[in-house]
Amino acid sequence: MVPHDGTEISDIALDEAIRFAKMFDSKLTLLFVVEEQIVPPSLLLSFIKSGSDVEQSKKNIIGLLKTGAEALLKDRSKKLTSENIPFDLQIGIGSPSKEILDFAKKENIDTIIMGRKQIPRFGSIKAIGSVARKVSELSTVPVMLVHQDSNKESKPPYSEILLPYDGSEYSNRALEYAAIIAERCNSTILLFNIVDEILLPPTMQTIRFKSEITGEEVSRDVYLKELHQKLKNEILSTLETIRTKYKDKPNVTINIQVVIGYPPESIIKKIDDDKFALVVMGTVGLRGISKLHAIGSVARNVSENCECNILLVH
């Protein structure tokens with residue numbers, strides 16, 4: 001399903017959905033939601049005639065907005081017809097996020113693909129638009145948030161997929177979904193794990209620690225380096241086991257990498273450095289509390305600040 005509001009980013013999301021539909025032989029639903037709350041009082045007054053009431057005037061305005069929505073969807077459907085993609089057109093009335101979520105549940109939609117508007121917030125930090133945020137937080141089906149530059153990628157579509165992995169149930173679901181995409185696109189998936197950097201206070205600078213490798217006393221920095229490497233080795237072993245499970249999957253190549261750092265920053269840096277066009281993430285990792293609602297959630301931080309498409313798997 002593609003929620004469309006007539007904006008440029010919605011058109012970009014539609015192009016991405018067409019590509020997705022071709023890969024999976026899917027039917028697309030275009031949904032336009034007429035938002036009742038946006039009817040301004042000045043426009044309402046202009047519709048109130050002698051003997052008419054406010055509610056009837058609202059209905060008249062909503063009727064006009066629906067007519068405009070029908071024309072817009074019919075225009076966008078031309079592209080679907082030309083691509084031989086089956087589709088249907090739907091119009092909802094009410095709160096956009098609620099209508100999108102309700103329709104997805106009622107119609108058993110498999111995936112929601114929608115544009116992601118980035119709104120400057122503090123400095124270089126961004127926030128995604130309220131509708132995309134609410135849908136990605138509350139949806140029970142995967143949601144792909146499409147970046148405005150998604151159609152500018154130079155690589156074959158989805159040839160490389162970044163999958164931040166923390167061993168949680170949600171990461172495993174994300175991997176299963178990424179593997180399905182990889183089978184269709186002959187993709188390489190990078191299982192990317194970030195070990196949180198262990199920091200000790202400066203007051204412990206002079207304390208000597210017992211090395212787990214040699215048994216000798218070592219400095220704080222040497223001890224931390226050994227500890228980080230031990231954690232990396234353990235996680236690499238786990239990721240190698242996971243990779244083995246997918247070795248017989250056709251067209252699926254899985255690489256693994258473990259780094260030390262802060263998860264959101266490390267993921268975003270990896271996206272930028274390696275020019276990934278698609279990230280697949282579970283919406284709740286071991287750091288989460290309740291979907292994306294937890295402040296500081298890794299998935300939410302990445303979805304708001306990465307410069308590529310992100311598929312959130314619930």
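Reader: Which order do the three strands of the open sheet take, and is the pairing parallel or antiparallel?
Author: The order is 1-2-3, and the pairing is parallel. Keep in mind that this is a predicted model.

Reader: Which are the edge strands?
Author: Strand 1 (2-3) and strand 3 (87-93). Each of them pairs on one side only.

Reader: How many bridges do strand 1 and strand 2 pair over?
Author: Two bridges, in the parallel sense. Strand 2 covers residues 28-34.

Reader: And which residue is the bridge partner of Val-2 in strand 2?
Author: Leu-30.

Reader: Now the helices. Which strands does helix 1 lie across?
Author: Helix 1 (residues 8-24) lies across strand 1 and strand 2. Its angle to strand 2 is about 160 degrees.

Reader: What about helix 4?
Author: Helix 4 (residues 96-106) lies across strand 1, strand 2 and strand 3. It runs at about 150 degrees to strand 2.

Reader: Switching to aromatics. How many aromatic pairs does the structure hold?
Author: Three. One of them joins Phe-20 and Phe-24. That pair is tilted, with 5.1 Å centre to centre and 45 degrees between the planes.

Reader: Where do Phe-20 and Phe-24 lie?
Author: Both are in helix 1. They sit four residues apart, about one turn of the helix.

Reader: Are Phe-20 and Phe-24 buried or exposed?
Author: Both are buried. Phe-20 also forms an aromatic pair with Tyr-158. This pair is edge-to-face, at 6.2 Å centre to centre and 90 degrees between the planes.

Reader: Which parts does the pair of Phe-20 and Tyr-158 tie together?
Author: Phe-20 lies in helix 1, while Tyr-158 lies in the loop between strand 7 (143-146) and strand 8 (160-164), so the pair ties together parts 138 residues apart in sequence.

Reader: Why does Tyr-158 count as buried?
Author: Because its relative accessibility is 2%, and buried means under 20%. Phe-20 counts as buried because its relative accessibility is 7%.

Reader: Which residues form one aromatic cluster here?
Author: Phe-20, Phe-24 and Tyr-158.

Reader: Which residue lies over the face of Tyr-158?
Author: Arg-19. Its distance from the ring centre is 5.0 Å.

Reader: Backbone next. What is phi of Asn-108?
Author: Near 55 degrees. That is a positive value in a residue other than glycine.

Reader: Where does Asn-108 lie?
Author: In the loop between helix 4 and strand 4 (112-115). Asn-108 is exposed, with a relative accessible area of 63%.

Reader: What about Lys-275?
Author: Lys-275 has a positive phi of about 55 degrees, although it is not a glycine. Its place is in the loop between helix 8 (263-274) and strand 13 (278-282).

Reader: Is Lys-275 buried or exposed?
Author: Lys-275 is exposed, because its relative accessible area is 60% and exposed means over 50%.

Reader: Zooming out, how many helices and strands does the protein have?
Author: Nine helices and 14 strands. Of the 314 residues, 45% count as buried.

Reader: What share of the contacts with a separation of 6 or more comes from residues 24 or more positions apart?
Author: They account for 74% of those contacts.

Reader: Last one. How much accessible surface is there?
Author: About 16600 Å². Carbon and sulfur atoms hold 52% of that surface.

Definitions and conventions: Residues are numbered from 1 along each chain as its sequence is written. This is a predicted model: local features need pLDDT of at least 70, side-chain atom pairs count only at pLDDT 80 or more; totals for chains, interfaces and linings use all residues. Side-chain values use heavy atoms; hydrogens and water are left out. Buried means under 20% relative accessible area, exposed over 50%, partly exposed in between (1.4 Å probe, protein chains only). Contact means heavy atoms within 4.5 Å. Accessible areas come from the Shrake-Rupley method with a 1.4 Å probe; for residues, only the protein chains shown count as cover. Two strands pair if DSSP finds at least two bridges between them. Axes are lines fitted to C-alpha atoms, for helices over the stretch in contact, and angles run from 0 to 180 degrees between N-to-C directions. Rings of Phe, Tyr and Trp (its six-membered ring) pair if their centres lie within 6.5 Å; planes under 30 degrees apart count as stacked, over 60 as edge-to-face and the rest as tilted. A charge sits over a ring if NZ of Lys or CZ of Arg is within 6 Å of the ring centre and within 35 degrees of the ring normal.
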